[in-house]
Every structure is written in structure tokens, then in C-alpha cells.
Amino acid sequence: MSSRMSVPLHIIFLVTLALALIPLSIAQDSPQDYVAAHNAARSQVGVGRITWDERVAGYARDYAKKHARDCTRLVHSGGPYGENLAWASPDLTGTRAVNMWVGEKPYYNYNSNSCASGKVCGHYTQVVWRNSVRLGCAKAKCATGGTLVTCNYDPPGNYVGQKPY
């Protein structure tokens with residue numbers, strides 16, 4: 001008689017799949033994930049790297065917590081930093097939020113330093129703003145449903161009449 005236990009192949013597959021998905025759901029909200037997503041976009045246009053700053057991140061965390069009561073109205077904090085906000089339901093990872101902002105790139109015209117008519121591109125230009133060198137981001141579950149992601153930039157960007165890079 002064998003002492004080896006036989007486990008059905010479909011059970012092994014399901015356990016393996018579940019274990020494989022755990023890191024993916026966690027791994028997109030760390031400071032390194034936010035920084036990597038920003039730096040990928042910045043490198044495409046020859047802008048220097050941005051680094052994580054805990055002071056800026058603390059500001060983002062405080063604002064995200066305060067704003068989590070009602071995330072459906074994305075209202076900027078008006079604070080001392082540049083700021084990008086994103087909301088999605090049921091969940092939004094930090095990496096996905098940054099990719100949404102970077103997704104505005106096709107609407108930005110560098111030569112005219114403007115957005116295509118009827119389009120938004122200011123989130124993208126803040127991500128790649130050459131003088132913004134410190135980053136802090138936060139994520140909050142919203143009381144009204146969904147997830148809020150906020151990233152703050154120091155020094156801020158998007159100055160009228162200046163190009164991001």
C-alpha cells in the first residue's frame with residue numbers, strides 16, 4: 001500500500017491559480033509600484049526619475065482618508081503639491097491609476113503645449129513634469145463604493161505657458 005495521497009489534478013490547478021493571483025492583487029499598490037509606473041512614462045520622454053517621498057505620501061494619505069467619505073466627486077485638495085486623482089469601482093490599483101493618467105499621452109501636443117480639443121491631458125503632463133522629483137500616493141476604499149487613488153508631486157507641475165519636458 002502506498003503512503004502517497006492522490007490529489008485530483010483540478011484541485012492542484014485551482015490552488016496554484018489562487019496562489020499565483022495573490023501577489024498580483026497586492027503588488028500594484030506599493031511605493032515601488034507607483035514610482036515604477038511613473039518612471040516608465042518619464043523615461044519615454046527623457047525626463048529624470050521621480051522618487052518616493054514619505055512627507056508627500058503622508059499628505060496623500062491624509063487627503064485620501066478625508067475624501068473617502070464621498071469619492072464620486074473628485075475634488076482637488078488645493079494643497080502645496082501637484083495632484084492627480086482617480087476613482088474606479090469596485091477597485092483600482094495604484095498602477096492602473098497611473099496608467100489611466102499616462103493614457104492621456106496621445107491627447108498632448110508637445111509643439112503647441114496643449115491638449116486635443118475636448119480632451120484632457122493634464123494628468124499625463126503632471127506625471128512627466130520634469131521639475132517634479134518627489135512623489136507620494138495613497139489609496140482609499142470609498143464609503144460610497146469604489147476606490148480612490150491620489151498621487152501628489154513635489155514640486156508641483158502644470159504651470160501655464162511651460163512645457164512639461
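The model is predicted, so local features need pLDDT of at least 70 and side-chain atom pairs count only at pLDDT 80 or more, while totals for chains, interfaces and linings use all residues. Residues are numbered from 1 along each chain as its sequence is written, and side-chain values use heavy atoms, with hydrogens and water left out.

The structure holds six salt bridges, each a side-chain nitrogen of Lys or Arg within 4 Å of a carboxyl oxygen of Asp or Glu. One of them joins Asp29 and Lys139 at 3.0 Å, N to O. Asp29 sits in the loop between helix 1 (9-26) and helix 2 (31-44) and Lys139 in strand 5 (residues 134-141), so this pair ties together parts 110 residues apart in sequence. Helices (H or I, at least four residues) and strands (E, at least two) are DSSP runs, numbered from the N terminus. Lys139 also meets Asp91 in a salt bridge, at 3.2 Å, N to O. A network of salt bridges links Asp29, Asp91, Lys139 and Lys141.

Another salt bridge pairs Arg134 with Asp154 at 3.0 Å, N to O. Here strand 5 supplies Arg134 and strand 6 (residues 147-154) supplies Asp154, so parts 20 residues apart in sequence are tied together.

Of its 13 lining residues, the closest to the centre are Asn113, Thr125, Asn158, Tyr159 and Gln162. A pocket is an open set of points on a 1 Å grid over the protein atoms alone, where a 1.4 Å probe fits, with protein on both sides within 12 Å along at least five of seven lines; lining residues have an atom within 4 Å of a point.
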